[in-house]
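Q: Please take a close look at the sheet in this model. Cover what surrounds it as well.

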Amino acid sequence: MPSTIRTTTLPSGEAVPVLGQGTWKMGEDARRHADEVNALKLGLDLGMTLIDTAEMYASGGAEEVVADAIAGRRDEVFLVSKVLPSNASRTGVPAACEASLRHLCTDRIDLYLLHWPGSVPLAETVEAFEALKKAGKTCHWGVSNFDTHEMEELVSLPAGDGVQTNQILYNLCQRGPEFDLAPWSRQRGIPLMAYSPVDQGVLARNASLEAIAARHDATPAQLALAWVMAQDGVIAIPKASKQEHIRQNVAALDIELTREDFTEIDRAFPPPRRKQGLQMI
């Protein structure tokens with residue numbers, strides 16, 4: 001296991017781990033609560049101090065799982081949560097943030113994201129995000145599921161250049177962002193956060209990755225995760241509710257892909273040759 005997890009830098013200058021922990025679908029079954037909490041705790045012990053959650057996940061239930069996992073060690077954690085587009089108004093954002101803070105049992109969210117573009121004018125949401133920062137309720141804000149044209153609109157707004165990240169669906173099966181969104185983001189120093197980096201487990205069973213993974217004494221899932229983390233300015237946030245999977249995810253940091261590996265991967269999962277609309281799940 002690596003002693004430390006390498007980092008990337010937000011536009012603010014703050015360094016964050018390139019491997020974090022997702023929580024989508026956590027908090028949905030009370031019988032799994034202890035296992036989910038213990039998995040997140042182990043992840044923290046192994047250096048995965050970025051935890052991503054959202055008010056939508058189990059209607060706050062995932063945030064409550066996170067609260068139990070970070071109890072007594074809040075200052076170790078870079079905490080990310082998200083507000084629904086339906087709550088993204090001038091009055092809705094602070095109310096949603098307060099509810100998330102209660103669920104998370106904390107006084108601040110390190111990075112607060114708009115979950116996806118909605119009907120509320122972006123300028124209004126940005127204004128509300130900036131107000132939360134001034135109030136000390138959040139440290140940074142960003143977005144999720146924004147395509148290139150939506151990011152361009154965002155950064156053109158007053159204070160819109162305060163955006164710190166864009167969380168998107170990105171994995172070997174979903175390489176569309178590489179055509180324009182990823183280069184656009186790298187040019188501006190805005191990291192992408194890749195959710196579902198193993199495509200909800202699909203890539204863990206991919207025959208094309210097995211031979212490459214075998215050369216590294218790794219699993220296809222670890223190889224897929226290592227590929228995402230090898231991309232410049234990308235943060236991977238796989239969800240794992242079992243301690244075994246947590247250890248496997250951290251071990252993926254030790255995989256050093258070769259030029260031959262990248263060539264074989266591109267052959268099996270061709271990069272985009274034209275613009276593709278941003279996908280989301």
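A: The model is predicted. Start with the open space, then move to the sheet. The largest pocket has a volume of about 770 Å³. Its lining comprises 35 residues. Of these, Q200, G201, P238, K239 and A240 lie nearest the pocket centre. Two helices, α8 (220-229) and α9 (243-251), each supply at least two lining residues. By class, 15 residues of the lining are nonpolar, 15 are polar and 5 are charged.

Now the sheet itself. Strands of a sheet pair through backbone hydrogen bonds, either parallel or antiparallel. Here the sheet is open, has 8 strands and shows parallel pairing. The order reads β3-β4-β5-β6-β7-β8-β9-β10. β3 (21-22) and β10 (234-236) stand at the edges. Each has a single partner strand, so one side of each is left without a neighbour in the sheet.

Within that order, take β5 and β6. Strand β5 covers residues 78-83 and strand β6 covers residues 109-114. The two run parallel and are joined by 4 bridges. S81 has Y112 of β6 as its bridge partner. Helix α3 (residues 92-104) packs on the sheet here, touching β5, β6 and β7 (138-144). The direction of α3 makes about 135 degrees with that of β6.

Helix α5 (residues 148-155) lies across β7 and β8 (163-169). Relative to β8, α5 runs at about 165 degrees.

Last, the charged pairs. Side chains of opposite charge can pair when their charged atoms come close. The whole structure holds 18 salt bridges. One of them links R90 and E127, with the closest N and O atoms 3.0 Å apart.

Notes:
Residues are numbered from 1 along each chain as its sequence is written. This is a predicted model: local features need pLDDT of at least 70, side-chain atom pairs count only at pLDDT 80 or more; totals for chains, interfaces and linings use all residues. Side-chain values use heavy atoms; hydrogens and water are left out. On a 1 Å grid over the protein atoms alone, a cavity is a set of points where a 1.4 Å probe fits but cannot get out, and a pocket is an open set with protein on both sides within 12 Å along at least five of seven lines; lining residues have an atom within 4 Å of a point. Grid points are joined across faces, edges and corners, and a volume is the space filled by probe spheres set on the points. Ala, Val, Leu, Ile, Met, Phe, Trp, Tyr, Cys and Pro count as nonpolar, Asp, Glu, Lys and Arg as charged, and the others, Gly among them, as polar. Two strands pair if DSSP finds at least two bridges between them. Contact means heavy atoms within 4.5 Å. Axes are lines fitted to C-alpha atoms, for helices over the stretch in contact, and angles run from 0 to 180 degrees between N-to-C directions. A salt bridge is a side-chain nitrogen of Lys or Arg within 4 Å of a carboxyl oxygen of Asp or Glu.
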